[in-house]
Amino acid sequence: MCLMSRLATAFLVFPSLLTLVNSPLPGAEKQPNILFIFSDDHAPGAIGAYGSKINKTPNLDRIASEGAKFRNSFCANSICGPSRACILTGKHSHKNGFLRNGNEFDGTQMTFPKLMQQAGYQTAVIGKWHLSSNPVGFDYWEILPGQGSYYNPDLIQMDNRKKRYEGYCTDIITDLGLKWLKEQRDPDKPFIMMCQHKAPHRNWAPHPRHFSLYKNEDVPEPPTLLDDYRDRSALLQENEMSIKDHFFWAHDMKFHGEVLFPEYFIGDGKNGEYARMTDEQKATWDAQYEPENADFIQRMKAGELNDRQILSWKYQRYIKDYLRCIQAVDDGVGRMLDYLDEAGLAENTIVIYSSDQGFYLGEHGWYDKRWMFEQSLQMPFLIRWPGTITPGTDGPALIQNIDYGPTFLDIAGAEVPSEMQGRSMVEVLKNGGRPTAGWRDAIYYAYYENAAVHNVPVHDGVRTDRYKLMFFPRTKEFNLFDLRKDPDELKSLHADPEYAVIFEGMKKRYRDLQNFYDVNTAVIPATRGDEKGWQQRDNELTANAKKGGVDLAFIGDSITQGWEGSGREVWQKYYGQRKAINLGIGGDRTEHVIWRLTHGNFSNIQPKVAVLMIGTNNTGHSDQAPHQVAAGIQRILEILKAQTPETKVLLLGIFPRGKSSFDPKRLNNMAINQIIRRYADGKGVHYADISNVFMEEDGTLPESIMPDALHLSEEGYKRWAEAIEPMLRDLGV
Ligand code: CA
């Protein structure tokens with residue numbers, strides 16, 4: 001981009017060059033319009049242009065045949081809200097702050113629509129938004145609340161009113177998009193219109209005009225429908241997104257009433273979409289589903305179906321509804337393309353079709369998304385740009401949703417801010433979709449929504465054109481896949497000696513990309529709520545905090561939690577009468593404390609003093625660099641200051657660990673301490689390093705004080721209490 005804009009400037013400065021090439025001044029060229037059609041959960045595998053074997057999408061295919069499709073198009077975080085936040089900001093989730101669904105998007109931050117407005121564009125977004133806060137940077141918006149509804153949807157208006165439209169959501173969003181194009185925009189200005197469908201998101205409620213599709217045929221099952229999750233991280237087994245075990249009776253499978261076969265279906269018998277329908281819509285719906293449902297129930301009661309047949313029935317119910325929902329999206333795309341033709345807009349309007357992530361269409365036995373496996377990592381990306389993209393282009397360049405914003409800005413002739421992590425794809429688009437010199441050859445991916453619906457663990461990783469490395473922090477496991485030899489990703493090769501060099505190389509790529517994108521996991525809020533013991537302890541701490549009346553809080557990891565173990569008697573003596581609370585959880589790192597302090601552990605307390613000692617697990621588990629851990633501690637101090645500004649923090653240097661004073665982990669803690677001691681400000685934050693009370697003169701840690709050279713004995717706790725007692729008194733507790 002920088003080169004592009006320098007060239008543009010050069011042309012402006014030396015107009016004589018222009019006469020030589022006899023082309024118009026770039027600035028004088030009409031800025032192209034952008035129509036960005038975006039759906040929700042549409043896997044490339046269900047698009048004709050991507051080789052779908054299960055459905056036909058003639059209108060989407062038209063964008064590809066008149067323009068380009070990208071076969072290596074990926075999301076940065078495979079879930080609805082986060083993908084949208086990545087697109088708006090051009091940044092990975094850890095930089096835009098929207099890590100998980102349920103977060104609230106900070107609309108005050110830099111986004112591409114704001115910059116498009118500055119570049120003279122009209123900006124509009126219609127349909128699914130799913131970022132909690134209202135859109136900022138749009139001249140016009142009308143959005144579905146949350147996930148939105150298929151039938152008779154409500155849309156939030158710019159004055160915050162909700163307006164209900166009778167009809168089918170996909171058609172209504174298309175209608176509203178066309179209305180804005182026809183009647184509401186300023187025809188003298190370029191536009192970017194984001195037309196964002198709910199479809200084909202769960203719970204897959206089709207329009208009746210598509211009920212007859214697949215009526216008398218079976219959709220082919222994917223070869224990995226019966227995946228047993230062997231040869232990969234054991235965490236795969238914990239998933240709660242399988243077609244076999246995790247479909248809701250009413251919500252997903254469209255039965256009425258209470259669950260009849262609870263060993264095969266879950267849920268409470270409610271289908272929210274059905275509840276929204278008019279009597280007429282319900283009658284049409286029931287005419288479609290009830291005969292099939294009655295037939296299934298009768299065969300189940302008669303014991304005619306075995307487990308394999310029941311799985312197949314569920315798959316067919318799911319995939320047919322999913323594909324029928326896509327058909328309405330394809331219809332809508334066709335209507336918009338037709339309108340661009342009729343209105344004479346097609347030549348100067350770039351049309352893009354994408355979806356927030358991919359989806360499992362039975363692969364690995366799943367529905368839903370989230371995992372870094374191909375089906376949900378991929379996003380469709382179809383683009384038509386008359387005169388610039390050669391029709392029928394099949395682009396192999398590795399692109400990602402963080403590239404969309406920079407691309408739009410580049411198209412508009414605007415500067416791409418350096419804080420955007422994505423890159424303009426314009427040079428790639430002009431190069432037949434092939435990577436240009438210096439284009440990326442690996443993408444970074446990160447998923448954060450653990451301890452939530454579908455039970456997928458935190459993981460991140462790197463994908464090149466051939467290999468994929470995933471890392472699961474909970475079990476500290478790497479999985480490695482060779483996509484050429486194992487496109488279904490059924491066997492991790494991380495322990496295969498033949499792949500040892502590739503494995504090491506991919507680990508280096510992973511660390512390098514983390515550094516490149518400034519990923520510091522020590523500052524990214526993380527729950528361990530997918531570990532039962534942790535969840536229980538966290539709930540107890542929050543319950544204790546809610547009681548209030550705390551003067552002294554100890555915050556930390558197992559060393560702090562140990563005040564309830566070998567430190568119990570010492571605690572009683574020193575803190576038993578001082579309204580003290582123990583907020584330590586064994587195994588916690590800075591990122592977990594950041595999570596806890598903002599999710600209940602500090603909800604109703606304003607202690608006079610908080611004793612903070614955290615970070616040794618960042619060293620021990622993750623080998624995080626001193627400056628990274630220090631940043632995590634700094635973030636905790638910021639949170640404490642924001643939550644209870646009157647609290648004085650006694651920040652303790654991380655205790656020494658390891659027998660010898662040359663133990664690398666001890667050295668790491670010492671290096672962290674050299675940074676965090678500077679956080680003391682003499683007012684809210686006070687620093688003390690009490691390492692000496694635990695060590696012999698030569699720096700060794702005696703077993704009598706630290707039996708495992710990490711945790712404290714009763715004598716250790718006694719020394720801790722004695723060392724900080726004068727400080728606590730000075731600080732007023
Ligand atoms: Ca989605």
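The exercises below work through one predicted model, each with a stepwise solution.

Residues are numbered from 1 along each chain as its sequence is written, and side-chain values use heavy atoms, leaving out hydrogens and water. As the model is predicted, local features need pLDDT of at least 70 and side-chain atom pairs count only at pLDDT 80 or more, while totals for chains, interfaces and linings use all residues.

**Exercise 1. The whole chain**

Task: Describe the secondary structure of the chain and decide how compact the chain is.

Solution: 
- Step 1. Take the elements from DSSP runs, numbered from the N terminus: helices are H or I runs of at least four residues, strands are E runs of at least two. The chain has 22 helices and 21 strands.
- Step 2. Compare two values. The radius of gyration, taken over C-alpha atoms, is set against the globule rule, 2.2 Å times the number of residues to the power 0.38.
- Step 3. Along the principal axes, the C-alpha atoms fill roughly 85 × 85 × 60 Å.

**Exercise 2. Inside and outside**

Task: What share of the residues is buried, and what share of the contacts joins residues at least 24 apart?

Solution: 
- Step 1. Of the 733 residues, 60% are buried.
- Step 2. Count contacts, meaning heavy atoms within 4.5 Å. Take those between residues at least 6 apart in sequence; 71% of them join residues at least 24 apart.
- Step 3. Turn to charge. Lys and Arg count as positive, Asp and Glu as negative; His and the chain ends are not counted. Each charge is placed at NZ of Lys, CZ of Arg, CG of Asp or CD of Glu. The 84 positive and 96 negative charges have mean positions 2 Å apart.

**Exercise 3. Two cysteines**

Solution: 
- Step 1. Recall the bond. A disulfide is a covalent bond between the sulfur atoms of two cysteines.
- Step 2. Apply the cut-off: the two sulfur atoms must lie within 2.5 Å. The closest cysteine sulfur to that of Cys75 is in Cys86, 8.2 Å away, too far for a bond. Seen from Cys86, the closest is in Cys75, at 8.2 Å.
- Step 3. Check burial. Cys75 is buried at 0% relative accessibility. Cys86 is buried at 0% too.

**Exercise 4. An enclosed helix**

Task: Which elements cover the buried residues of helix H18?

Solution: 
- Step 1. Count. Helix H18 spans residues 590–597, and eight of its eight residues are buried, so H18 is largely enclosed by the rest of the structure.
- Step 2. Name some of them. Glu591, Trp595 and Arg596 are among the buried residues.
- Step 3. Find the cover. It includes helices H15 (532–547), H19 (616–622) and H20 (626–643), with strands E17 (552–556) and E18 (580–584).
- Step 4. Repeat for helix H3 (58–66). Leu60, Arg62, Ile63 and Ala64 are buried there. They pack against strands E2 (68–70), E9 (349–355) and E10 (381–384), and against helix H10 (307–342).

**Exercise 5. Backbone angles**

Task: Which peptide bonds are cis, and is Lys579 buried or exposed?

Solution: 
- Step 1. Read omega. The Ala199 to Pro200 bond is cis, at about -10 degrees. The Arg202 to Asn203 bond is cis, near 10 degrees.
- Step 2. Pro200 is in the loop between strand E8 (191–196) and helix H8 (272–276). Asn203 lies in the loop between E8 and H8.
- Step 3. Read phi. Lys579, not a glycine, has a positive phi of about 50 degrees. With a relative accessible area of 51%, Lys579 is exposed.
- Step 4. Take Asn455. Its phi is positive, near 50 degrees, and at 18% relative accessibility Asn455 is buried.

Key: Buried < 20%, exposed > 50% of the residue type's maximum accessible area, 1.4 Å probe, protein only.
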